[in-house]
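Take a walk through this protein chain, one feature at a time. Keep the sequence and the 3D view side by side as you read.

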Amino acid sequence: MTMSTSSAPPSPGGSGAFTLAAWNIRCGRNAGLTSAAKGLAQMGVGLAVVMETKITDVRYTRLAAGYKILASKAASHNQGGIALLWKENHQGFEVESAKILTPNLLTFQLVTGDERFYCMGIYLPPADTMGVEDLRAAWEACPEGCMPLVLGDLNVNFSEPRDERDKVIRDFIDDIDLLDAARWTWRQKREGKLHYSQPDYVMARDRDCRRFR
């Protein structure tokens with residue numbers, strides 16, 4: 001199974017390619033999740049971990065634009081929250097055992113043919129110093145035989161850690177032997193100068209990265 005940014009449809013029996021994404025949105029309240037689902041559908045995305053949903057209650061749409069939605073209860077109206085959106089009955093994959101663990105962390109199993117990924121969707125705010133411990137606890141629950149996959153916004157540049165927080169996150173990712181499987185970049189032009197960083201990641205084991213393009 002190849003997970004890809006290509007919009008080519010999967011073949012019967014779970015072969016071919018499908019698209020997955022990690023996406024920060026402005027807000028999931030007031031039909032924000034519905035708008036995100038419509039955008040994902042237009043881009044041909046099969047599954048997405050959506051962050052910064054800022055939903056602080058259980059009132060959100062469970063179905064939109066062909067996606068099933070599972071969202072957390074964010075700790076704040078101003079920051080955080082995470083959701084999983086996926087196409088049910090998709091020929092390329094199935095989602096099993098989806099769980100919300102914390103306001104900014106969810107897990108699920110992504111089944112593609114005979115392969116099974118244990119996926120951890122995570123949002124770590126810039127000032128968060130404990131979220132990596134939640135991620136560590138989630139990793140310890142990884143079922144035997146599953147391949148690990150991390151999708152989300154870690155707010156860290158692994159090549160240039162800024163402080164002790166960044167080093168702790170980097171060391172944990174190194175400990176579980178994950179590499180960046182895709183190139184995700186944030187950039188903004190301010191006063192004529194281009195500012196950029198890489199806060200968002202799709203991370204897998206080296207031997208599994210070949211499945212992504």
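A salt bridge here is a side-chain nitrogen of Lys or Arg within 4 Å of a carboxyl oxygen of Asp or Glu. By that rule, the structure holds 10 salt bridges. Keep in mind that this is a predicted model.

Begin with the whole chain. It has 213 residues, and 47% of them are buried. Its secondary structure comes to three helices and 15 strands. The accessible surface is about 11000 Å². Carbon and sulfur atoms account for 46% of that surface.

For β5 and β6, the sense is antiparallel. Strand β6 covers residues 67–71, and two bridges connect it with β5. Leu63 stands opposite Lys68 in β6.

Now return to the salt bridges. One of them joins Arg116 and Glu96. Their closest N and O atoms are 2.7 Å apart. Arg116 lies in strand β10, residues 115–123, while Glu96 lies in strand β8, residues 94–102. The pair therefore ties together parts that are 20 residues apart in sequence. How accessible is Arg116? Its relative accessible area is 29%, so Arg116 counts as partly exposed. Glu96 is also partly exposed, with a relative accessible area of 29%.

Move to Glu115, in strand β10. The side chains of Glu115 and Arg211 meet in a salt bridge, at 2.5 Å from N to O. This pair links distant parts of the chain. Arg211 sits in the segment after β15 (200–204), and Glu115 is in β10, 96 residues apart. Is Arg211 buried or exposed? Arg211 counts as buried, at 8% relative accessibility. Glu115 is partly exposed, with a relative accessible area of 21%. A third residue joins in here. Glu115, Asp208 and Arg211 are linked in a network of salt bridges.

Another salt bridge brings together the side chains of Asp171 and Arg170, at 3.5 Å from N to O. Asp171 is partly exposed, at 37% relative accessibility. Arg170 is partly exposed too, at 26%.

Finish with the cysteines. A disulfide is a covalent bond between the sulfur atoms of two cysteines. How many disulfides does a search of the whole structure find? The search finds zero. Cys142 is in no disulfide. Its nearest cysteine sulfur belongs to Cys146 and is 5.3 Å away. Cys142 is buried, with a relative accessible area of 19%. Cys209 is buried as well, with a relative accessible area of 15%.

Terms used. Residues are numbered from 1 along each chain as its sequence is written. This is a predicted model: local features need pLDDT of at least 70, side-chain atom pairs count only at pLDDT 80 or more; totals for chains, interfaces and linings use all residues. Side-chain values use heavy atoms; hydrogens and water are left out. Two strands pair if DSSP finds at least two bridges between them. Helices (H or I, at least four residues) and strands (E, at least two) are DSSP runs, numbered from the N terminus. Buried means under 20% relative accessible area, exposed over 50%, partly exposed in between (1.4 Å probe, protein chains only). A disulfide is a pair of cysteine sulfur atoms within 2.5 Å. Accessible areas come from the Shrake-Rupley method with a 1.4 Å probe; for residues, only the protein chains shown count as cover.
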